[in-house]
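Subject: Structure handover

Hi,

Here is the structure I promised to pass on. My notes on what turned up in it follow below.

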Amino acid sequence: MSTFGIVGCGSIGRALLRAHDASPLPMLPAGVASRTESTAREFLDGLRTPVPFLDLDALIEASDLLIETAGGHVVPELAMRAFDAGKDVMVISVGALLDHPEIMARARETGCRLIVPSGAIAGLDGIKSASSGKIDFVRLTSHKPPRALAGAPFLVEHGISLDGLTEPRELFYGPAREAVRGFPDNLNISAAISLAGIGPDATEVRIFADPTVSRNCHDIEVEGEFGRLHVHIENIPSENPKTGRITALSMVRAVRDAMDPVRIGS
């Protein structure tokens, strides 16, 4: 069987391994690499199916597919090293691709697959189809509980505190490229939308800190020669409030689809 290796052992990586433990995926886990070795080993020791802890070199060598769940900062090095070794890569921190387009170029040069799951978003198929024609605009509006936005670089840079917030507050309005830089752990969704559609500089993003919601809420609006598309999403947060539960489920499905000769959707 083909094998997958996970880089990062946070909420998404753990959910992926728990899913395999409960109902084996069509690929075998080759191992996990993480900067927090002790906590990763503690988690791995609790699985029914043994999964080894490996350093990155060993993980790349042992895996056919490298899965990034550790954050955008690891994506450039991981992707390049994996592609050079002839291995496929799946990334959830898709925002890293906006500042490092050479990753996509290298995938195409080597013929290795770069897989970007839908993650917390619905409607990517529709946006991709619409982009084959003329699109007038693509707009994402996100409402998130304040705790889900804690520590975002945009807030730190502008000295914005969300303590005691009692009503929705708009924090950002601008292009997806800048949104991802300001909120790298919150708005990977905007990067995926922009890559599927009209690009990171033309895709509009608004983000609100909203104490009236308990879920991560997203509205996607697209208008063009095809008509109009409007998708509303309410994602229940995972153990990490910045990430919806559906993100991990998307990764699980993407691993299954990677080995399935039947493809549903574009």
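Two strands count as paired if DSSP finds at least two bridges between them. By that rule β4 pairs with strand β5 (residues 114-115): two bridges join them, and they run parallel. Please keep in mind that this is a predicted model.

**The parallel sheet**

Five strands make up an open sheet, in the order β2-β1-β3-β4-β5. The pairing is parallel. The edges are β2 (28-33) and β5. Each of these has a single partner strand, so one side of each has no neighbour in the sheet.

Start with strand β1 (residues 3-7). Four bridges join β1 to β3, and the two run parallel. I6 has I67 as its bridge partner in β3.

Next comes the pairing of strand β3 (residues 65-68) with β4. It is parallel too, over four bridges.
- L65 is opposite D88 in β4.
- L66 is opposite V89 in β4.
- I67 has M90 as its bridge partner in β4.

Between these two strands the chain passes through helix α4 (residues 75-84), and this β-α-β crossover is right-handed.

On the β5 side, V89 is opposite L114.

Which way do the side chains point? In a regular strand they alternate between the two faces of the sheet. In β3, L65 and I67 lie on one side, with L66 and E68 on the other. These residues are all buried, so both faces of β3 are covered. Strand β4 (residues 88-91) has D88 and M90 pointing one way and V89 and V91 the other. All of these are buried as well. Note that the buried residues include E68 in β3 and D88 in β4.

**Cores**

The largest nonpolar core holds 53 residues. L149, L155, L171, F183, L187, I193 and I220 have the most contacts inside it. A second, separate core has 25 residues, including I12, L65, I67 and M251.

Leaving aside neighbours within four places in sequence, L149 contacts K144, L155, L162, L171, F183, N186, I207, F208 and A209.

**Aromatic pairs**

How many aromatic pairs are there? The count comes to three. One of them is F172 with F183: the ring centres are 6.4 Å apart and the planes sit at 70°, so the pair is edge-to-face. F172 is in strand β7 (residues 169-175), and F183 is in the loop between α9 and α10 (188-196). The pair therefore ties together parts that are eleven residues apart in sequence. F172 is buried, at 10% relative accessible area. F183 is buried too, at 0%. F154, F172 and F183 form one aromatic cluster.

**Salt bridges**

Side chains of opposite charge can pair when their charged atoms come close. A search of the whole structure gives 18 salt bridges.

D99 and R181 meet at 2.7 Å, N to O. This pair links distant parts of the chain, 82 residues apart: D99 is in helix α5 (residues 96-99) and R181 in helix α9 (residues 176-182). Both ends are partly exposed, D99 at 38% relative accessibility and R181 at 41%.

E234 bridges to R215, with the closest N and O atoms 3.9 Å apart. E234 lies in strand β10 (residues 227-235), while R215 sits in the loop between β8 (204-209) and β9 (216-224). They are 19 residues apart in sequence, so the bridge ties those parts together. E234 is partly exposed at 43% relative accessibility, and R215 is partly exposed at 35%. The cut-off for a salt bridge is 4 Å, so the 3.9 Å pair falls within it.

R228 and E223 meet at 3.7 Å, N to O. E223 is partly exposed, with a relative accessible area of 30%. Both residues belong to a network of salt bridges that links R139, E204, E221, E223 and R228.

Best regards

Key:
Residues numbered from 1 in each chain as written. Predicted model: local features only at pLDDT ≥ 70, side-chain atom pairs only at ≥ 80, totals over all residues. Heavy atoms only, no water. Core = buried A, V, L, I, M, F, W, Y, C linked by side-chain atoms within 4.5 Å. Buried < 20%, exposed > 50% of the residue type's maximum accessible area, 1.4 Å probe, protein only. Contact = heavy atoms within 4.5 Å. Salt bridge = Lys/Arg side-chain N within 4 Å of Asp/Glu carboxyl O. Right-handed = clockwise from strand over helix to strand, strands pointing away. Phe/Tyr/Trp six-rings, centres within 6.5 Å; stacked < 30°, edge-to-face > 60°.
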